[in-house]
Amino acid sequence: QVQLVESGGGLVQAGGSLRLSCAASGTIYHINVMGWYRQAPGKQRELVATYTNGELTNYADSVKGRFTISRDNAKNTVTLQMNSLKPEDTAVYYCNAIAAEYSRSSYLPYWGQGTQVTVSS
């Protein structure tokens, strides 16, 4: 099993910054993609940013220019630096990894438990 543990959420005023971190552990052969998703109350979970093993990044239009995703392949960690936060960024943020446990395993999605980010106006 692959476990993902997030840290770094909290309460911040609009315009402020937060940094989310996620560490993957357990039985890991290879991680293809690591990323962040979020879910606001009453809304569907949506992509925030992803970072592929080939160092390609993808961002939701709503966070481009404000959020930066980074990844440390050696440590199996992914970080989301969030600047210029807005009240509409308030949500539970989930770490995601597409990983294989063994060399012959299929790549499956794994999720962290989520961390709350609240941006006050």
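Q: Which residues is Thr50 in contact with, leaving aside its neighbours within four places in sequence?
A: With those neighbours set aside, Thr50 is in contact with Val33, Met34, Gly35, Tyr37, Leu56, Thr57, Asn58 and Ile69. Contact requires heavy atoms within 4.5 Å. The structure is a predicted model, in which local features need pLDDT of at least 70 and side-chain atom pairs count only at pLDDT 80 or more, while totals for chains, interfaces and linings use all residues. Numbering starts from 1 along each chain as its sequence is written, and side-chain values use heavy atoms, with hydrogens and water left out.

Q: Why does Thr50 count as buried?
A: Buried means under 20% relative accessible area (exposed is over 50%, partly exposed in between; 1.4 Å probe, protein chains only). Thr50 has 11% relative accessibility and therefore counts as buried. Its place is in strand β5 (residues 46–52); strands are DSSP runs of E with at least two residues, numbered from the N terminus.

Q: What makes Cys22 and Cys95 a disulfide?
A: The criterion is a pair of cysteine sulfur atoms within 2.5 Å. The S to S distance between Cys22 and Cys95 is 2.0 Å, and the structure holds one disulfide. The pair links distant parts of the chain, 73 residues apart, with Cys22 in strand β3 and Cys95 in strand β9 (residues 91–100). Both Cys22 and Cys95 are buried.

Q: Why is the disulfide of Cys22 and Cys95 called left-handed?
A: The torsion about its S-S bond is about -85°, so the disulfide is left-handed.

Q: What makes β3 and strand β8 (residues 77–82) a pair?
A: Pairing requires that DSSP find at least two bridges between two strands. Six bridges join β3 to β8, which run antiparallel, and Cys22 stands opposite Val78 in β8.

Conventions. Helix = DSSP H or I, 4+ residues; strand = E, 2+ residues; numbered from the N terminus.
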